[in-house]
Amino acid sequence: WDGAKKSFSIPYYPNASVGWDSSPRTDQSGEWGGWGYPYTNIISGNGPDRFKEALAKIKERLDADATLPRIVTINSWNEWTEGSYLEPDTVYGMQYLEALRDTFGE
């Protein structure tokens with residue numbers, strides 16, 4: 001965060017992600033390589049608790065510096081194939097949305 005703020009003349013907006021795995025979009029029988037999407041890194045170990053931890057760190061950082069814009073990007077609402085979605089499901093129910101409410105809501 002500090003590195004981005006020092007290195008760039010544009011504002012840095014933190015991003016919170018619920019995870020990412022684009023490997024279902026790849027040819028599973030072929031060689032894996034760093035050829036760009038969908039052969040990209042996988043964010044694993046995610047869940048509502050980890051998402052809430054990330055949100056709390058972002059909020060703490062924003063609260064500590066009144067000069068920062070109060071903007072957070074969140075990835076993402078409905079990337080079901082990549083396992084990156086906030087929509088309620090049968091595994092976690094509303095927990096991702098509740099994490100947002102509990103962190104940034106009233």
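Is Tyr96 buried or exposed? I started my notebook with that one, keeping in mind that this is a predicted model. Tyr96 comes out buried, at 6% relative accessibility.

Entry 1: I listed what Tyr96 touches, leaving out residues up to four places away in sequence. The list reads Val18, Asn46, Gly47, Pro48, Phe51, Tyr85 and Leu86. Two aromatic residues, Phe51 and Tyr85, are on it, and I followed up both.

**Entry 2: aromatic pairs.** My count of aromatic pairs came to 5. One of them is Phe51 with Tyr96: the ring centres are 5.6 Å apart and the planes stand at 70 degrees, so I logged the pair as edge-to-face. Since the cut-off for that label is over 60 degrees, 70 degrees qualifies. Phe51 sits in helix 2 (residues 48-64) and Tyr96 in helix 3 (residues 95-104), so this pair ties together parts that are 45 residues apart in sequence. Phe51 is buried too, with a relative accessible area of 1%.

Next I looked at Trp80 and Tyr85. Their ring centres lie 3.7 Å apart with planes at 15 degrees, so this pair is stacked.

**Entry 3: the core.** Which residues make up the largest nonpolar core? I found 11 in all: Ala16, Val18, Phe51, Leu55, Ile58, Leu62, Leu68, Leu86, Tyr96, Ala99 and Leu100. My friends Phe51 and Tyr96 are both members. Helix 2 and helix 3 each supply at least two residues, and helix 2 gives the most, with 4.

**Entry 4: stepping back.** I then turned to the whole protein. I counted 3 helices and 4 strands, and along the sequence they follow the pattern α-β-α-β-β-β-α. The C-alpha trace spans about 50 × 40 × 20 Å along its principal axes. Of the 106 residues, 27% count as buried. Taking contacts between residues at least 6 apart in sequence, I see 58% joining residues at least 24 apart.

Technical notes
Residues numbered from 1 in each chain as written. Predicted model: local features only at pLDDT ≥ 70, side-chain atom pairs only at ≥ 80, totals over all residues. Heavy atoms only, no water. Phe/Tyr/Trp six-rings, centres within 6.5 Å; stacked < 30°, edge-to-face > 60°. Buried < 20%, exposed > 50% of the residue type's maximum accessible area, 1.4 Å probe, protein only. Core = buried A, V, L, I, M, F, W, Y, C linked by side-chain atoms within 4.5 Å. Contact = heavy atoms within 4.5 Å.
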